[in-house]
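These are my notebook entries on a structure that I have not examined before. I set down what I looked up, one topic at a time.

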Amino acid sequence: MISEALLHIITLHLNDEPLTATQEHALQEWADTSFYNEEALKLLNDKEFLRNAIQQREDTALAREENWQKLLQQIKRQPAHSTFRPVLLWRQHWKAIAAFLVLAAGALWIWHANSLQQQRAHTNRTTSQHISPGTNGALLKLANGTLLVLDTMKNGIVAEQKDVQVMLRNGRLAYAATGPSSGVPAYNSVITPKGRQFSLVLPDGTLVWLNAASSIRYPTVFTGKERKVEVTGQVYFEVAPRAGIPFLVNANNRAMIEVLGTHFDVNAYENENNIAATLLQGKVRIRYLATGNHASVVLTPGQQALLQQALNSMHLPITVINHADTAKVIAWKRGIFNFEGAGLYDMMHELERWYDIEVIYEGAIPDIQFFGKMSKSVQLTDLLEGLKVSDIHFRIEGRKLIVMP
Amino acid sequence: MVAKHFHIEPELLQQLSTGDERALRILYNEYYTSLVFFANSMIHDTAQAEDIVITAFTRYWDKRTQFEALAAIKAYLYTLVRNDCYKYYHREEARKKHLLAVMDTLPEEYVAYADSRMVIAEMVQQIHREIEQLNPKYRDVIYLLFVEELSIKETAYQLQISENNVRKRKERAIELLRSRIVRANLGNLVLFYLVIHGKTH
């Protein structure tokens with residue numbers, strides 16, 4: 001178990017501070033106790049390990065509030081001083097299912113009792129082939145039209161263009177000016193196909209994360225009175241503030257989002273009904289591209305704006321959700337599928353993009369609601385094993401997932 | 001934060017044992033991230049790790065009257081998480097091998113491994129906390145330079161300050177952290193992470 005005194009000694013040791021003989025002895029004894037302790041000391045001395053660890057903690061903290069609410073609900077359900085061991089309700093379901101099978105990632109599925117009864121009968125068969133989850137990677141399209149595959153490239157300079165160098169650092173794309181800008185903007189695009197996600201630093205310092213099947217187009221140097229980028233799919237921004245130079249996001253050529261230094265997510269997949277803009281920090285203004293600022297809405301943190309993608313929808317009001325589930329919106333950035341309350345159709349959209357598959361419905365789309373979260377690193381077959389429990393019938397043909405009635 | 005303010009410990013323990021949710025909130029904020037980090041290092045599955053940690057808190061809450069020190073609560077939470085990670089891991093292994101048996105006792109090897117990951121989780125927490133406790137002026141520079149790994153130039157861009165200013169703030173931040181070494185005590189540990197970086201950047 002952890003001893004504060006030991007942590008103190010390790011800290012001193014890693015800082016090259018002098019240790020007393022007793023401290024030296026205690027440290028040595030601890031390191032000798034197991035191979036793993038010795039390894040831990042080495043890891044704590046490793047820059048890269050620590051950087052990843054802090055990053056991981058930052059990401060973990062994003063869901064802290066969401067999980068606090070969950071914990072609160074759970075303990076409120078328990079009578080004070082109960083003699084029963086408290087177990088989360090959704091875990092009990094999970095355990096019941098686990099008796100039969102367990103998803104690789106331990107996802108849990110609760111299904112509609114109704115739909116369960118309606119959809120009886122024939123068992124399904126999947127082929128034994130493996131469809132792997134997505135990974136980090138993207139395509140970079142240079143101003144001259146050249147396409148570069150960024151999946152396998154090592155750290156270093158990726159391309160030299162007019163006025164700028166493009167480089168990869170720890171799997172992230174970044175720009176460096178090589179001389180004064182000649183003033184004529186050149187545009188680059190980063191495109192993630194299905195099964196890839198990627199992050200980059202725009203020339204103004206804005207951090208961008210792209211989910212699968214998404215893209216961003218931007219100038220290699222931002223000049224002029226505004227910073228304008230175009231996106232499709234789902235993109236998360238941490239915009240670098242610039243006094244008097246607004247950051248404009250054109251989503252799907254349909255919505256325009258004006259930003260004043262902020263963290264926000266845009267979900268503008270063409271095959272979804274709505275474009276959703278969710279604000280985590282700062283302030284944004286959003287409107288249909290075709291309308292002026294008079295028809296815009298301003299979001300405050302925690303709010304989500306929904307714009308319909310249907311034709312002529314620009315005359316419809318923009319829906320604003322006040323307490324959006326922000327942790328759910330950006331779960332993808334943390335490597336998690338969050339299917340809380342999602343229908344089968346929505347869930348399949350996400351699977352199509354991450355596993356690079358096509359989902360075909362042979363009959364009506366089953367009316368099933370899912371709850372729970374799972375890692376995005378599971379094999380598709382393991383995920384589908386879990387779906388069998390909710391009595392969905394399907395088969396796989398190549399990269400097609402066919403949902404049978 | 002809690003561990004650093006020992007004078008509030010009896011009060012907090014009192015509130016916890018009477019079932020005050022605000023006290024639980026303090027405890028949760030203090031331990032949640034480290035416990036998830038620890039669970040994740042054992043099973044490499046964030047969603048499942050979060051699930052295990054929430055369950056650990058609910059079990060602690062059921063036994064909340066039995067604790068007389070925060071350190072004991074922390075140790076209890078870590079133990080619950082460790083054991084659940086083992087159960088999860090073992091269930092997964094059993095599933096792969098089509099076994100149904102679930103072992104009740106933890107192998108020594110597993111316990112030793114878990115112990116070392118707990119130390120890592122706690123050390124990383126201290127580092128992270130030191131960053132968070134810096135004045136935002138310094139913290140943002142440190143975060144972008146060392147965690148997001150932006151260059152000096154990119155950091156300057158992101159924060160809208162001069163590159164020279166970035167360098168000054170970085171040095172000042174490292175200085176602040178070094179000075180903590182001098183007055184280091186059990187509850188106030190030091191950010192070696194930045195010191196290591198300070199030597200190389």
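Entry on conventions. I note that this is a predicted model, in which local features need pLDDT of at least 70 and side-chain atom pairs count only at pLDDT 80 or more, while totals for chains, interfaces and linings use all residues. Residues are numbered from 1 along each chain as its sequence is written, chains are lettered from A and ligands numbered from 1 in the order in which they are written, and side-chain values use heavy atoms, with hydrogens and water left out.

Entry on the interface. I looked up the contacts (heavy atoms within 4.5 Å) and found 84 residues of chain A touching 78 residues of chain B. The two chains bury about 7,500 Å² between them, and 59% of this lies on carbon and sulfur atoms. Buried area is the accessible area (1.4 Å probe) that two parts lose on being put together, summed over both.

I then checked salt bridges, each a side-chain nitrogen of Lys or Arg within 4 Å of a carboxyl oxygen of Asp or Glu. Four of them cross the interface of chain A and chain B. Arg25(B) forms a salt bridge with Glu65(A), with 2.6 Å between the closest N and O atoms. On the side of chain A that touches chain B, helix 4 of chain A gives the most, with 12 residues. Helices (H or I, at least four residues) and strands (E, at least two) are DSSP runs, numbered from the N terminus. By class, I count 44 nonpolar, 18 polar and 22 charged residues on that side of chain A. Here Ala, Val, Leu, Ile, Met, Phe, Trp, Tyr, Cys and Pro count as nonpolar, Asp, Glu, Lys and Arg as charged, and the others, Gly among them, as polar.

Entry on salt bridges over all chains. The whole structure holds 19. In one of them, Asp204(A) meets Arg227(A) at 2.5 Å, N to O. Asp204(A) lies in the loop between strand 8 (196-201) and strand 9 of chain A and Arg227(A) in strand 11 (residues 227-238), so the pair ties together parts that are 23 residues apart in sequence. I looked up accessibility (buried is under 20% relative accessible area, exposed over 50%, partly exposed in between; 1.4 Å probe, protein chains only). Asp204(A) is buried at 3%, and Arg227(A) is buried at 3%.

Glu362(A), Arg395(A) and Glu397(A) are linked in a network of salt bridges. Glu397(A) is partly exposed at 42%, as Arg395(A) is at 24%.

Entry on confidence. I checked pLDDT, the predictor's confidence in each residue, from 0 to 100. Chain A averages 78, and 84% of its residues score at least 70. Helix 7 (residues 113-118) of chain A has the lowest mean, 30, and strand 10 (residues 214-219) the highest, 94. Over residues 80-128 of chain A the score stays under 50. Where pLDDT is low, the predicted coordinates should not be read in detail.
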